[in-house]
Amino acid sequence: GNGVQMLRVFPYGAIQFSSYEVFKRILDYKSEGSGGSVVRIAAGSLGGLCGVVSTYPLDTLRARLAVHSKAGSDGYNGIRQSVRTITAKDGVKGFYRGLMPSVLAIIPLSGLTFFFFETLKNFLLKHSIFRVQEIKHGDKKGDYISGENVRFQLRTSGKLLCGGCAGALAQSFSYPLDVARR
């Protein structure tokens, strides 16, 4: 079960974050840059939805292996055998059984996570020691960009702080849905 979970984590994160960026650009373009919070929540929700739907078969495998391997059930003694068992019993749709509760839980969780992350990131970029000026490219002296073209980026510690707080806040708001899903 843990091996399948580890196989699921990387593609889930990659799909979720890359989808978020694509949807954010599309929705921001459609709203002519005035979407703000709504764009962040919608893009985050859609990114989470893409990640869950894409990797749900691996989540199904993980859950079946965890439950059935403890009970000593036949047909679930490894990934390959589990895939054969699920396919023989339910076909491909067997890998998506239980998807809807996960979708209903991930939409607010993912939307709120990206909303809180972007909101906290913007706040820290304006008001904190967690930012650093970007260096002007091509400048042999390595001077910082000056004047109106000054841009900041978050230090790694700032990104970690934003990510941790965003996850905790989003989970706090969406916890009741997660309990209902399980």
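This report describes the fold, the surface and the confidence of one predicted protein chain.

**Overall make-up**

The chain has 182 residues, of which 30% are buried. Its secondary structure consists of five helices and two strands. Read from the N terminus, these elements follow the order α-α-α-α-β-β-α.

**Surface**

One nonpolar patch on the surface is formed by Leu-7, Ile-79 and Val-83, which together have about 230 Å² of accessible area. Val-83 belongs to helix H3, which covers residues 79–90. Is Val-83 buried, partly exposed or exposed? The relative accessible area of Val-83 is 30%, so this residue counts as partly exposed, a class that lies between the limits of 20% and 50%.

**Confidence**

For the chain, the mean pLDDT is 83, and 82% of the residues reach 70 or more. The table gives the elements with the lowest and the highest confidence.

| Element | Residues | Mean pLDDT |
|---|---|---|
| Strand S1 (lowest) | residues 131–133 | 80 |
| Helix H4 (highest) | residues 99–127 | 92 |

Another stretch, residues 138–147, has a pLDDT below 50. In the model, this stretch makes 11 contacts beyond near neighbours in sequence. Where pLDDT is low, predicted coordinates should not be read in detail.

Terms used: Residues numbered from 1 in each chain as written. Predicted model: local features only at pLDDT ≥ 70, side-chain atom pairs only at ≥ 80, totals over all residues. Heavy atoms only, no water. pLDDT = per-residue confidence, 0-100. Helix = DSSP H or I, 4+ residues; strand = E, 2+ residues; numbered from the N terminus. Contact = heavy atoms within 4.5 Å. Patch = residues over 30% accessible without salt bridge, like charges linked within 9 Å, V, L, I, M, F, W, Y side chains within 5 Å. Areas by Shrake-Rupley, 256 points an atom, 1.4 Å probe, with all protein chains shown as cover. Salt bridge = Lys/Arg side-chain N within 4 Å of Asp/Glu carboxyl O. Buried < 20%, exposed > 50% of the residue type's maximum accessible area, 1.4 Å probe, protein only.
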